[in-house]
Amino acid sequence: MNRALTLRFTTALATATALAATATACGSSGPGASGGGSGKVTVWALQDTALNPVQRKTVSTFNASSGDTKAAIQFFVNDPYKQKLQTALGSPNAPDVFLNWGGGNLTTYVKSGNVADLGTDLDASFKNEFLPSVMAGGTIDGKTYGVPMEGVQPVALFYNKDVFAKAGITQPPATWPDLLHDIDRMKARHITPIALAGSQAWTELMWLEYLLDRVGGPQVFVGIQAGKPGAWQDPAVTTALTMIRDLVDRGAFGTNYGSVGQDSGGADALLSKGRAGMELMGSWEYAGQLATAPDFVKKGKLGWTTFPTVPNGKGDAKNIVGNPCNFFSVTAKSKNRAAAVDFITKTVTEPSYVKNLIDIGQVPAIAGIEDQLKSGPNADYTTFVYGLVEHAPNFTQSWDQALAPATAQKLLTELQKVFNKQASPQQFVSAMDAE
Amino acid sequence: MNTALRRSDGRPGALWAVPALLYFALFAVVPMALVVVLSFCRWNGLGSPHWAGTANWTRLLHDPDLGQSLRLSLLLTVVNWAVQTLICLPLGVWCAGHQRARAVLSTLFFVPLLMSSAAVALLFAALLDPNFGLAHAIGPWLGVDDGNFIGDPHLALWTVTAVVTWQFVPFHTLLYQAAARQVPAQLYEAATIDGAGRWRQFLSVTLPQLRHTVVTSSVLMLVGSLTYFDIVLILTNGGPGTSTRILPLHMYLTGFSSFDMGYAGVLAVLLLVAGTTLSLLVVRVTGFRRMTSRREGL
């Protein structure tokens, strides 16, 4: 969800900011870190207008009740944060606790020996409080390196109920042929069937992630992620890409999707203003629409459903893709390891924190909170998201987070070429295969 | 003795340059040397760099995106130079005159200069939104019915060029304006007596007098365009596909998105060499190095 809130322009300032911040950190954190026993825990997290106040409240509650141990939380913007974290980990300026995206991302940090194995620090009852499929994102080779610290973020198909009614569609598409049929109906009404922010390739990636899962099952991507030779050549990849090209050729995304931005809210506005019928987006879409087009959400015009099934596909229709969650991890060299673990265990499952998350429209990765969701605000939506995650046999992490950074960049570039008809599915496969 | 004499004259000795040289060494020479070292290392930003020998450099030969990014960088550089010079020179000369409403119009021209690159890029990102921005309205007028300027692989680079031009025209116009005002009025008076018309005066008096300014402005434009980066990053991020992935952006994305610092170092060295060569070349070809005055006796 943080990705959605991030303005791309901040990347322009990334290098400068990261350097400047590191330089200042040198000066200020020196004496504090050498204190050792005082238990001053530095926590790094992401900037998020809705979430940060909740986190600040939790930190001050923790500080008030934790005796000598004090936590200080710092927030960073998404893309610069990745860069800052990558260079700070393992340096003397590393934080004690840091937010990460789990999966492939976390694996990189673990492999470089910068993350503490929390297996012995956390007791089983604490670990069991989380949804297993989400907890898996912080577990590598059976060892626990990350603890889920906010809401789950599966990808779902959102739609505008008014547009559907206008086009004579009574139910959201459940199968691929349904979807194609609905696209044609909306096109006949001169409405863009699907809003897509194609200037940012990760929005296009969601289509490939879901289609590959539905067509070939989650195993295909497991092979890709493991770097198995020829994994990209799996026929399911070509099939999924061909289906995408079919959507493009059909005009499912209109003609100018390549100029639409997600950070600038272009695709979301198309949906809420009724100029597009559907949008495939992460679960943060709801909170985003609630903030930018409150009437649209409050009047019940925003609909949501699971990704359509594909006839003869190998993947389970209940499989989901997206970001399981963001995680808190402890750095391997942290001098305040005990205090850091104490901070994590006493905050992320705290009932007041969980309640505050639900209030801002997030669905915490805590097992058995369905009743709490039902009685909370936005209950229809939050229970849908919770059910999606709870019942999913497989939760594939967003590929751009799961793959090594270089491969992920290449993937986004090549995929954008397919969406813009600059490359064929076959060219995509051979380009990725050469990587 | 000689030095003492010069110092007593209050003219600068070598010692005067020490602070500037130190500063330059610390913030330019040292990082450049480090980049060269880095280009021989493998480093993803985590932990310490590992020596990789010439592996990164041999990769340069097999980089599928390198040719494209070099070509785009050169294209952007040449087009920017041609378009901006053609606009800025006449505009600057005009602004140096005494026409009515000149002051008001000049002020308007300079507005883009007041904005930071990030602000310019964000402004145009909003304007170029094909559904809710200005692109929707003026697209059809320019033959782009759906307003798909930055999303069309064939149009993206030209759109970026237009934005960059919009941003930098005021700066170079300002240079030309200042230079045109320095042209002694006597020259024009003499030309008028000789019966030269406005156009003749421009060609035979103004243009030769602006020669050094043309060189200065060109060096700034050429080297600037070669290392141009921020607006492209924000507007297109190199996309669609690799349609606007110019060399500096290729370097940035390799270093800070793919976390391949070693190879990014190679690209940085490449840029450094290209930039230095280019500016030396311009200076040499134009005879700027000789520093001769065109205004002897005045």
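How much area is buried between chain A and chain B? About 2,900 Å². Carbon and sulfur atoms give 58% of that area. Keep in mind that this is a predicted model.

Let's stay with the contact between the two chains. Chain A brings 34 residues to it, and chain B brings 33 residues. What about polar contacts? There are 13 residue pairs in polar contact between chain A and chain B, counting pairs with both residues at pLDDT 80 or more.

Now look at the chain A side. Which elements give two or more residues to the side that touches chain B? They are helix H2 (14–34), helix H4 (78–88), helix H5 (103–111), helix H13 (266–272) and helix H21 (405–419) of chain A. H21(A) gives the most, with seven residues.

Next, a residue from the loop between helix H12 (235–250) and H13 of chain A. That residue is Asp263(A). Is Asp263(A) buried or exposed? It is buried, because its relative accessible area is 14%, and the cut-off for buried is under 20%. The side chain of Asp263(A) also has a partner. A polar contact of 2.8 Å joins it to the side chain of Gln200(A).

Let's move to Pro148(A). This residue lies in strand E6 of chain A, residues 147–148. Its relative accessibility is 3%, so Pro148(A) counts as buried too. What does Pro148(A) touch, leaving out residues up to four places away in sequence? The list is Phe130(A), Val134(A), Met135(A), Cys325(A), Asn326(A), Phe327(A), Val348(A) and Ala365(A). Pro148(A) and Thr58(A) are 90 residues apart along the chain. Their C-alpha atoms are separated by 15 Å.

Last stop: the surface of chain B. Find Phe24(B), Val29(B), Met32(B), Leu272(B) and Val273(B). Together they form a nonpolar patch on the surface, with about 410 Å² of accessible area. Two elements of chain B give two or more residues to this patch: helix H2 (18–38) and helix H14 (261–285). Which one gives the most? H2(B) does, with three residues.

Val29(B) is found in helix H2 of chain B. How much of it is open? Its relative accessible area is 42%, so Val29(B) is partly exposed. Partly exposed covers the range between the buried cut-off, under 20%, and the exposed one, over 50%.

That's my tour. Questions, please.

Methods
Residues numbered from 1 in each chain as written. Chains lettered and ligands numbered in written order. Predicted model: local features only at pLDDT ≥ 70, side-chain atom pairs only at ≥ 80, totals over all residues. Heavy atoms only, no water. Patch = residues over 30% accessible without salt bridge, like charges linked within 9 Å, V, L, I, M, F, W, Y side chains within 5 Å. Areas by Shrake-Rupley, 256 points an atom, 1.4 Å probe, with all protein chains shown as cover. Salt bridge = Lys/Arg side-chain N within 4 Å of Asp/Glu carboxyl O. Helix = DSSP H or I, 4+ residues; strand = E, 2+ residues; numbered from the N terminus. Buried < 20%, exposed > 50% of the residue type's maximum accessible area, 1.4 Å probe, protein only. Contact = heavy atoms within 4.5 Å. Buried area = accessible area lost by both parts, 1.4 Å probe. Polar contact = N/O pair within 3.5 Å; in protein donor to acceptor, adjacent residues only side chain to side chain.
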